Amino acid sequence: MKQISSITQENFGHLPDGRGVSLYTLNNAQGMQIKISDFGGIITELYAPDREEQFADICLGFEHLAPYLDVSPYFGALIGPYGNRIAHGTFELDGQTYSLPQNNGAHHLHGGEPGFHRVLWGVEPFRNATACGLTLRYSRVHGAQGYPGNLEVKVTYELNDANELHVHYFATTDQATPVNLTQHTYFNLGGIHTTPDILGHQLMLNADRYTPVDVGLIPTGELAPVAGTPFDFRQTQSIGARIADHHQQLQFGQAYDHNYVLNKNEEQRLSLAARVNEPVSGRVLELWTEEPGLQLYSGNFLDGSLHGKGVTYQRRSGFCLEPQHFPDSPNQSHFPNVILRPGDEYHSHTMYRFLIQDAS
Ligand code: GLA
């Protein structure tokens with residue numbers, strides 16, 4: 001009997017202020033399953049098939065709400081209003097200087113605390129003939145975490161029967177403000193319960209250049225060629241092949257924690273940014289995005305102190321691919337614009353496609 005897509009909702013605990021948190025389960029007709037909370041829009045579990053049609057959970061996370069409230073390193077979360085860093089937590093806009101919390105050394109990271117990864121979103125489930133999903137809404141008030149403007153944000157997660165997860169981000173504002181929304185799932189395509197690290201994952205990144213950083217992981221402003229460096233993933237390479245090479249950028253990032261400048265034929269068109277293949281399981285993830293940049297993060301700060309879903313998260317037990325505008329763009333006028341103005345609508349689209357590759 002053909003399966004049909006479905007959505008269910010269950011309780012996922014309470015916030016310290018008493019508000020209830022939900023967990024939604026999306027199932028598609030192919031047997032894929034994704035669990036998403038209205039807290040942080042967090043993807044807590046994601047089941048995809050291997051070449052033997054065995055489903056495994058391929059995202060790092062926790063089975064309970066509590067660790068998401070404090071210790072979670074952005075596992076599975078929506079990130080905003082500004083994904084990645086803003087140098088010294090300050091920027092100038094239309095002649096005014098703004099100050100944001102310095103929550104990452106001297107710099108501002110992932111929208112501050114709480115950023116959008118630790119707020120409760122409003123949720124409406126939806127279903128149509130070939131997909132099901134959630135619409136999440138959050139209103140950021142003017143001045144929260146130092147950002148100007150009342151920002152109305154909408155994000156849709158749509159899982160279709162072609163094993164694609166589409167994420168659409170929308171925002172409007174009543175005052176000019178930086179916006180750079182992204183998604184921070186840590187993947188381990190071998191399955192988190194069986195594959196201890198992601199070093200053997202085969203990665204292709206469609207980028208000729210990246211944005212080198214200083215020791216605080218703020219871009220120097222240069223768009224440097226990847227050719228001849230351990231950052232060159234234009235030909236598929238394992239993530240681990242050059243991760244311990246002697247290269248100053250790998251030292252600064254404690255491995256890969258860098259933004260790539262995606263190759264684009266026409267600006268803002270959805271295009272293939274990355275393809276990751278885990279050879280043992282045959283699971284493949286393609287990431288398509290309209291964003292100009294993609295952060296590759298090799299799980300460098302995981303240190304074995306976090307446990308969830310029966311797994312201890314060791315260094316490099318997961319990787320992130322964060323589609324985004326470039327870090328520190330509000331202070332780097334030659335980077336693509338991140339300022340949303342009243343009357344304009346922010347819209348960005350990213351697609352995660354789950355495939356299988358036969359053994360070669
Ligand atoms: C992003 C940052 C990293 C790190 C991770 C989460 O990838 O660039 O430096 O903060 O998020 O730990």
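## Basis of the description

Contact means that heavy atoms lie within 4.5 Å. The structure is a predicted model, in which local features need pLDDT of at least 70 and side-chain atom pairs count only at pLDDT 80 or more, while totals for chains, interfaces and linings use all residues. Residues are numbered from 1 along each chain as its sequence is written, and side-chain values use heavy atoms, with hydrogens and water left out.

## Overall form

The chain contains two helices and 30 strands; these are DSSP runs numbered from the N terminus, with helices being H or I of at least four residues and strands being E of at least two. Its radius of gyration is 19 Å, close to the 21 Å that the globule rule gives for 360 residues, so the chain is as compact as a globular protein of that length. The radius is taken over C-alpha atoms, and the globule rule is 2.2 Å times the number of residues to the power 0.38. Along the principal axes, the C-alpha atoms fill a box of roughly 60 × 50 × 40 Å.

Of the 360 residues, 59% count as buried, a class defined by under 20% relative accessible area, with exposed over 50% and partly exposed in between (1.4 Å probe, protein chains only). Among contacts with a separation of 6 or more, 66% involve residues 24 or more positions apart. The accessible surface comes to about 14200 Å², and carbon and sulfur atoms hold 48% of that area; the areas come from the Shrake-Rupley method with a 1.4 Å probe, and for residues only the protein chains shown count as cover.

## Two open sheets

Strands are taken to pair if DSSP finds at least two bridges between them.

Two bridges join β17 to β28 (residues 319-324), and Y186 has C320 of β28 as its bridge partner.

## The β8-β9 hairpin

Strands β8 and β9 form a hairpin with two residues between them, and D94 in the turn has a positive phi of about 50°. Four bridges pair β8 with β9 (residues 96-99) in the antiparallel sense, and L93 is partnered with Q96 of β9.

In a regular strand the side chains alternate between the two faces of the sheet. On β8 (residues 90-93), F91 and L93 make up the covered face, whereas T90 and E92 make up the uncovered one.

T182, in strand β16 (residues 182-183), counts as buried because its relative accessibility is 2%. Beyond its neighbours within four places in sequence, T182 is in contact with A77, L78, I79, G83, Y169, E322 and P323. The C-alpha atoms of T182 and G111 are separated by 11 Å, although these residues are 71 apart along the chain.

Q249 lies in helix α2 (residues 248-253) and counts as buried because its relative accessibility is 7%. Not counting residues up to four places away in sequence, Q249 touches Y210, P212, V213, F231, A255 and H258.
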